[in-house]
Amino acid sequence: MKAIAEGNQLVLPFLGMLLEEPRTSRDLLGHLGPGSRFEHLSPHSGTIYSLMLTLVEAGWVAYVNHAPNHLDRVCSITPAGHEELKRRLGEALVNTSWTSGHQFVTALPYLHLFDRDVAVALLDQRATSLRTRSREFLAAAHAKRRTQCEAAKDDYLSSRTEFEVRWVEEYRDAVADGVWPPIETVAPDFVAEGVVESTGP
């Protein structure tokens, strides 16, 4: 059953959320889709149910209770699941495929699970790999005839990569020089229209 979960992009966020606190499958579903931190993931409830069974059989997740409705069973991450989460985080943080952007965004909030030296090394490896991929990509693109739209696409990917490299390197330096793991939350920079800012109890 582990093979079924191997390439499933839901495994990483599920294990990450279960590390934060035990949750039901229904809770996990509520943290996916538009407006959520995992906006790019919008599976059906049946998909979640099947995946949770797979994670339980793999030994990465355990049921805390046995509610009649499977979607209401509270699930908790196991030590084996914690190790699997860190393995997937490491892969997602350094994967620089053009189609892997969502994986990096999903993994980044859990960077604090690694020791500082490991976190810095993972970010450094991503920045280095991105630079290498960008050079290889541009060399191949410039070596062939392209339509104007194809050239625009190539320019977009190149510009996006340059921005990401700068951002990753700056964040790498912040991790190396700052408090680790981070212990303070970041206050919002603005108050949304129509929302009254809280002044405390």
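Leu111 is in contact (heavy atoms within 4.5 Å) with Leu93, Ala119, Leu123, Tyr171, Val175 and Trp180, leaving aside its neighbours within four places in sequence. The model is predicted, so that local features need pLDDT of at least 70 and side-chain atom pairs count only at pLDDT 80 or more, whereas totals for chains, interfaces and linings use all residues. Residues are numbered from 1 along each chain as its sequence is written, and side-chain values use heavy atoms, with hydrogens and water left out.

Leu111 also belongs to the largest nonpolar core, which has 40 residues. A nonpolar core is here a set of buried Ala, Val, Leu, Ile, Met, Phe, Trp, Tyr and Cys residues joined through side-chain atoms within 4.5 Å. Buried means under 20% relative accessible area, exposed means over 50%, and partly exposed lies in between, with a 1.4 Å probe and protein chains only. Together with Leu111, the residues that touch the most other members are Phe14, Leu32, Met52, Leu55, Leu89 and Leu93. Two or more residues of this core come from each of helix 2 (11-20), helix 4 (45-58), strand 3, helix 5 (79-94), helix 6 (101-107), helix 7 (116-142) and helix 8 (148-177). Helix 2 provides the largest share, 6 residues. These elements are DSSP runs numbered from the N terminus: helices are H or I with at least four residues, and strands are E with at least two. In soluble globular proteins, nonpolar side chains tend to be buried together.

Ser158 counts as buried because its relative accessible area is 7%. Not counting residues up to four places away in sequence, Ser158 touches Ser134 and Leu138.

Cys75 is buried because its relative accessibility is 0%, while Cys149 is exposed because its value is 65%. The structure holds 0 disulfides, a disulfide being a pair of cysteine sulfur atoms within 2.5 Å.

Where does Asp72 lie? Asp72 is found in the loop between strand 2 (61-63) and strand 3 (74-77). With a relative accessible area of 32%, Asp72 is partly exposed. Thr24 is 48 residues away from Asp72 along the chain, yet their C-alpha atoms are separated by 5.3 Å. Beyond residues up to four places away in sequence, Asp72 touches Thr24, Arg26, Asn65 and Ala67. The side chains of Asp72 and Arg26 are joined by a polar contact of 2.9 Å. A polar contact is a pair of N or O atoms within 3.5 Å; within protein, one must be able to donate a hydrogen and the other to accept it, and residues adjacent in sequence count only if both atoms are side-chain atoms.

Charged pairs complete the description. A salt bridge is a side-chain nitrogen of Lys or Arg within 4 Å of a carboxyl oxygen of Asp or Glu, and the count comes to 12. Arg23 forms one with Glu20, the closest N and O atoms being 2.8 Å apart, and another with Glu21 at 3.7 Å, N to O. Arg23 is buried, at 7%, whereas Glu20 is partly exposed at 39% and Glu21 is partly exposed at 43%. Asp173 and Arg172 likewise meet through their side chains in a salt bridge of 3.2 Å, N to O.
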